[in-house]
Amino acid sequence: MDWEPKILVFCCNWCSYAGADLAGIARLQMPTNFRMIKVMCSGRVDPEFILSAFSKGADGVLVSGCHLADCHYIGGNYRTRRRIALLKILIEQYGLNPKRLRLEWISAAEGQKFAQVIREFTEEIKALGPSPFKKKSALAVVEASPTVAKVSTAVAEASPGT
Amino acid sequence: MAEKMKLAIIRGATCSGCDVEIVDINERLVEVLGIADIVYAAVIMDTKHSELEAMADGSIDITFYHGAVRDSENEHLAKIARKKSKTLIAFGSCAVYGGIPGLANVTNKEEIFKVAYQDTPSTVNPDFVVPLPEWKDERGHVLTLPRFYDDVFSLDDFVEVDYYLPGCPPLVTQINQALDVIVSGELPPKGKVLASEKTLCDECKREKSENMRIEKICRPHEIEPDPEKCLLEQGIICLGPATRAGCEAKCIEANMPCRGCLGATAAAIDQGGSILSAIASILDITDKESQMSEEDIYKLVSQIKDPLGTFYRFSMPKSLLRRTKKELEKEKV
Ligand code: SF4
Ligand code: SF4
Ligand code: SF4
Ligand code: FES
């Protein structure tokens, strides 16, 4: 299949981003399927951002922060781990494999670990295949223009009569 | 005398609670009838779709549409309502967000038919006879039924909506406020939600501590909650932090948590995501945090049974992920 996964990575400014940077400087080999967003703290990654990413067709989302007890804002990552754990249950209810969402603690010194996680995660997502939310469905039309009446034909196609 | 306004009440996929609440404005109805003629309202008068279809375009001043859109008849009425009305109001959480029927987006038509026409204990239907959208007898007479859709939609998924009045159902006070605005003729800019932009917590009078922390999640029947203290702090899942104010905290007053019927404020992208964040963030964080394994965290959050049904009880068709897809069972949707 002619498909390459799209993976979104959130890294906190103080540890994980520096870890990613280190992986880059050390020229460690990594697949190029990921795009990174730097946030101040993993605790800044609102579950709504992750749901947005999946709704826009991300095949996997990785959130990375400082190791426990190392968060620059003291407890940001404690909140993160609860949110991600609950979010995994939620996305599973939506039918997404919870493995599509991953949480890692990566320090500024762990360039190796960053590269390793990216390699692993990309392989895992490749094995899972494209996200079921990827396909351009009738709903995507609705999402693009919630107040426009273009939906009905799409709905007719999506919901044929008995 | 100025010409009377023309009002209509149109029903989509509704439980009729919204109709009841409109009638509940009691004596105000007399006032409304003084300034307006109700030209179409299936709940209080004998009306046919054809009469509505025959009206001139734009001839109805205000239409309240309540209920979600989940079959071809709902869709048809929604479109007619739009065409015939100058102002179309999505009335009630079903019309605004998809509401309770919207939870059907966790399954699909096939499954729903299977349960309704086969699996329920009181049903005997070995040949699995289900309603057909069209049936012709030998002499060529055709009978039709609306087509049932896989998804449940909100009204504005199909037509442009002028104002939104959320609530399941919208309370009499909300309806009266909306009527005041309509009667005054000073209508707000189109697209407005006729409710507060604050969250319910902003208006709730219960005591909240500075550093809120939930020790343990409980169901409302498992404890006798302190009527003065925030319910969420007592471990009862309350959607107040992610829900729009405007209901005068009716449920909270009755010592019951908010289930989120007014939907999210404009600031939130996704009501469920927003409440998930609020609740998970205060779930039993102590100074022993570093000793907690991911397994412990999983146990902690799995106290919340059915996060999808709890966090999107009224808003699933408006959620970011709108419907479930069955990746895990490798089924095509
Ligand atoms: S909003 Fe509530 S009361 Fe109104 S139709 Fe929907 S379920 Fe019934
Ligand atoms: S969480 Fe519920 S009980 Fe607590 S302040 Fe908010 S609305 Fe009130
Ligand atoms: S407290 Fe919540 S569930 Fe109850 S009426 Fe108000 S918004 Fe709706
Ligand atoms: S700053 Fe890195 S997780 Fe909070």
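How much area do chain B and chain A bury between them, and what share of it lies on carbon and sulfur atoms? In this predicted model, the two chains bury about 4600 Å² between them, with 62% of that area on carbon and sulfur atoms. The size of an interface is often expressed in this way, as the accessible area lost when the parts come together. Three residues, B:Leu321, B:Lys325 and B:Glu327, supply 17% of the area that chain B buries against chain A, more than any other three residues. In terms of contact, 59 residues from chain B and 48 residues from chain A take part.

Polar and charged interactions also cross the interface. Between chain B and chain A, 15 residue pairs are in polar contact, counting pairs with both residues at pLDDT 80 or more. A salt bridge joins B:Glu289 to A:Arg82, whose closest N and O atoms are 2.8 Å apart.

The largest pocket has a volume of about 600 Å³. Its lining comprises 24 residues, of which B:Tyr97, B:Asp156, B:Ala268, B:Ile269 and B:Lys318 are the closest to the pocket centre. By residue class, the lining of the largest pocket consists of 11 nonpolar, 6 polar and 7 charged residues. Two domains of chain B contribute to this lining: at least three residues come from each of domain 1 (5-101 + 150-193) and domain 2 (200-318).

Technical notes
Residues numbered from 1 in each chain as written. Chains lettered and ligands numbered in written order. Predicted model: local features only at pLDDT ≥ 70, side-chain atom pairs only at ≥ 80, totals over all residues. Heavy atoms only, no water. 1 Å grid on protein atoms, 1.4 Å probe; cavity = no way out; pocket = protein on both sides within 12 Å on 5 of 7 lines; lining within 4 Å. Points joined across faces, edges and corners; volume = space filled by probe spheres on them. Nonpolar A, V, L, I, M, F, W, Y, C, P; charged D, E, K, R; others polar. Domains from an automatic or database assignment. Contact = heavy atoms within 4.5 Å. Buried area = accessible area lost by both parts, 1.4 Å probe. Salt bridge = Lys/Arg side-chain N within 4 Å of Asp/Glu carboxyl O. Polar contact = N/O pair within 3.5 Å; in protein donor to acceptor, adjacent residues only side chain to side chain.
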